[in-house]
Structures are given as C-alpha cells and as structure tokens.
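Hi everyone, thanks for making time this morning. I have one chain to show you, so let me put it on the screen.

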Amino acid sequence: MANFKNIFSVAMLGCLAVNAHGQITRNQVGGGELNTITTSVPFLMISPDSRAGGMGDAGVASSPDANSMHWNPAKYAFIDKDMGFSMSYVPWLRRLVPDISLSYLTGYKKIGKDQVVAGSLRYFSLGDITFTDINGNVTGQFRPNEFAFDAGYSRKLSKEFSGGIAFRYIYSNLTNGQVVGGNTTKPGQTVAADVAGYYTKDGIKLGDKKGKINAGLNISNIGGKIRYSDAAYADFIPINMKLGGGLTVNLDDYNSFTFLLDANKLLVPTSPIYEVDAQGQIVRDPNGNPVVAQGADPNRTVPAGMFGSFSDAPGGGKEELREFYYSTGVEYWYDNLLAVRGGFFYEHPTKGNRKYATLGLGLRYNAFGLDFSYLIPTTQNNPLQNTLRFTLVFNFDKAQKADTDATTE
C-alpha cells in the first residue's frame, strides 16, 4: 500500500506541474486509437448513490428521490414527500488501499406546492499519502481531499414539466502547497452551475396495462476552469450533458418495472492531432504553442469549449459519436417495499473503454430506506469492482413530521 501511494503522489504532482495539455501526434490518433477526454476534479462524475449505482449509473429520468441533486435537480419538483435526506458512502480502489472514499450527504425541502429547495455535500478523501520526489525522498505527509457544496432550486412549470438549477462551489486540495518544478502548487477552486429539465406523464396506456413515461436533461458543472499552480494552464472541469428517458409499466397494484436509458457527453475540448516534422518532433508556432493539424486548439474559453465540443474531434463526426457513453437500467418494485435493480454502462474503447454491469437492491419501510449496489467490470479493472456500496434514505411527509415533533416534545 505504501508503494502504491508513493507512486500515486509522484504521478499526481507531475500532472499538476504540466504546463501544456496532452499532445497527440498524427502517429498516435487517427485510426481508432485511444483518445480519451480528461478534465480536472473527475470526482464530480462519480455516481454517489446506490440506487442509480445499481442501474448502470442511469438517473437523469428516473423517479425523483433525495439524491436527485446529482442526476437532475429538476426532478425534486415532482417528489411526493415534504422533506428528506440521504447519506451515501462509496469506497474507492478498495482492492488496493483501505482509506480512499467518497461520502455524499444531500437533502431537500418543499417550500410550496410546486417548489423545492435542496442542498448537498460531496467529499472525496484520498487517504494519508506520503509525498516523495522523483528520487524517492520524502517531501511531506498529507491527506489530499476534494469537496463540492451544492444549493439547488426546482419548480413545476406545468402539470408535467419542471425546471431546476443548482449552484456549486468546488474545492480541490491535492498537494498541500508542494513545490513542483520550482512552482508552488495551491488548492484549486471554482464555481459552477447545473441547468436541468424534467418531464413526466402518468396514466398512459400500454396495452392492457398502465404506466408512466419520464424524460430528463441536465447540463451540469457549467463553470470556470481550475488551476493548481500560477504557472500551469487552467483546466476544464467536467461539464457534462446528460439526456435520458424512462418507462414504467405497472403490472398490477403491487408490481412494476421501470426501464431507463441515459446518454452522456462531456462538453469540453477533445485532444487534437498536432503537426510533426520529419524528425517526429511537434511543430510549434512563434509563440511556442504546438501547431494543430486536425481538430481544434484545446486552450479555449469555457463557452467556446462547450459549443465546440460537438465538432472538435480530430476524427470528425465518427469520433464525436464515440464520445457519447450510455447507461441502461431496470428497476423492479414490489409494493413499494422491495426493489431489485440491474444495469449496464458502456463507453467506446477509444474513449476510455469502461464497460460494466451493476446489481442493486432497495428496501423501504415508512420513512426509512436502504439501497445497495455492486459493480461487475466486463472489460478492465474498475475502482469500484468487488465493492458493496450503500445509501441510507429518509423521507418525511407533513403528517410524519408532525408525529415526530409531537413525540419529541
């Protein structure tokens, strides 16, 4: 474990010291080779709750719950309880180290018939790490950590549609001020926002059954770039577009199935192909910047990066389509007491090659709920494989809250 963390700390410091984006040449990309999109603070994209985690990380169009802040804050407007909160714990890289984890706390409160406010706190701890230089000399001991605090608002705009917005403060302290390449590092900080919409229609006829259709859209983490050193380029945070749909079929008064499909795309620049000379060296302009041969310069403003993300892949439209990744899930409920879940996550081999199946279980009793999920990788190792995740959920309507207050008096 100590060796792993020493290697990790050196790699992390090296990444923070880089003064340019990754440079890919014609010999590296163009024929279907790996060209993944990378951002800072990727912990914002980790599925924090076990309900969605059991359905292949699909959640933008699922029924609203306490964890809607991460998936689609607009869903809160259709939640059927007065208030609630949820706590989740996600071990990370548990096969290698015991003290890296993601913790998530979220809650909501109705402030009227059609309005809901919500908040959440996401904390990612990288455990105790001994920092070393390239020669293996110890330079410090630290517990790197990142967190994000959210505040959101959701409102029904019609009987079947709602809108939501969330504001986010992001803090990332990975080095505790370590000096790398003569440059002093610092915590990265920025702010961001989510803009979301949710549509739901109940009572539709499906043959001799009745059901519900849902659709959701969430553009999350729209915010400023983040940097860890005054000498380094500022990096994009994971601005992401999530679009999905869901269909619920009520078999009878006790049994129902929900089928979900989400499509995601990072709205940040794709690494271009850079021009090289006869010796295989990257050609640079008079200012020292690498010359782009295919694609677009990744050093853009946030709006330019977002809108350009649909047309900047060096492989053209074919590569742009590969940048979408998909989550599919199914959820079975018996009498709103017991849920069984399953799902699958797919990412193209040239864009990261994450593929995994998920299983989940949910229990509800009065105001209390408990969810579990388990991930099974199908193509490569995954930080969450062989790990059981769990989420505690508490939901209260006004009558339950009144009873609770009367009991405590």
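A word on the model before we start. It is a predicted one, in which local features need pLDDT of at least 70 and side-chain atom pairs count only at pLDDT 80 or more, while totals for chains, interfaces and linings use all residues. Residues are numbered from 1 along each chain as its sequence is written, and side-chain values use heavy atoms, with hydrogens and water left out.

So, the overview. The chain holds six helices and 21 strands; these are DSSP runs numbered from the N terminus, with helices being H or I of at least four residues and strands E of at least two. There are 409 residues, and 47% of them count as buried. Buried here is under 20% relative accessible area, exposed is over 50%, and partly exposed is in between, with a 1.4 Å probe and protein chains only.

Now the inside. A nonpolar core is a set of buried Ala, Val, Leu, Ile, Met, Phe, Trp, Tyr and Cys residues joined through side-chain atoms within 4.5 Å. The largest one has 33 residues, and Val-41, Phe-43, Phe-124, Ile-170, Ile-237 and Ile-239 have the most contacts inside it. A second, separate core of 10 residues includes Ala-66, Ile-79, Val-116 and Val-393. Please have a look at Val-41: its phi is positive, about 35 degrees, although it is not a glycine. Val-41 sits in the loop between strand S1 (24-25) and helix H2 (50-53), and at 1% relative accessibility Val-41 is buried.

On to charges. Side chains of opposite charge can pair when their charged atoms come close. With a salt bridge taken as a side-chain nitrogen of Lys or Arg within 4 Å of a carboxyl oxygen of Asp or Glu, the structure holds 17 of them. Which residues does Glu-331 pair with? One partner is Arg-51, with the closest N and O atoms 3.0 Å apart. That pair links distant parts of the chain, from Glu-331 in strand S17 to Arg-51 in helix H2, 280 residues apart. The other is Arg-341, at 2.7 Å between the closest N and O atoms, and this Arg-341 lies in strand S18. Glu-331 and Arg-51 are buried, and Arg-341 is buried too. Zooming out, Arg-51, Asp-65, Glu-331, Arg-341, Arg-364 and Asp-371 are linked in a network of salt bridges.

Glu-323 lies in the loop between helix H5 (317-322) and strand S17 (325-334), and is buried at 5% relative accessible area. Its side chain makes a polar contact with the side chain of Lys-265 at 3.0 Å. By polar contact I mean a pair of N or O atoms within 3.5 Å; within protein, one must be able to donate a hydrogen and the other to accept it, and residues adjacent in sequence count only if both atoms are side-chain atoms. Glu-323 also touches Lys-351. Lys-351 is in the loop between strand S18 (338-346) and strand S19 (355-365), buried at 8%. The side chain of Lys-351 reaches the backbone oxygen of Asn-35 at 2.8 Å and makes a polar contact with the side chain of Glu-319 at 2.7 Å.

Two last stops. Ala-74, in the loop between helix H3 (68-71) and strand S2 (83-91), has a relative accessible area of 0% and is buried. Among the residues in contact with Ala-74 are Gly-163, Gly-164 and Gly-197. And Asn-386, in the loop between strand S20 (368-377) and strand S21 (388-396), has a positive phi near 60 degrees without being a glycine.

That's my tour; I'm happy to take questions.

How values were computed. Contact = heavy atoms within 4.5 Å. Lists of a residue's contacts leave out its neighbours within four places in sequence.
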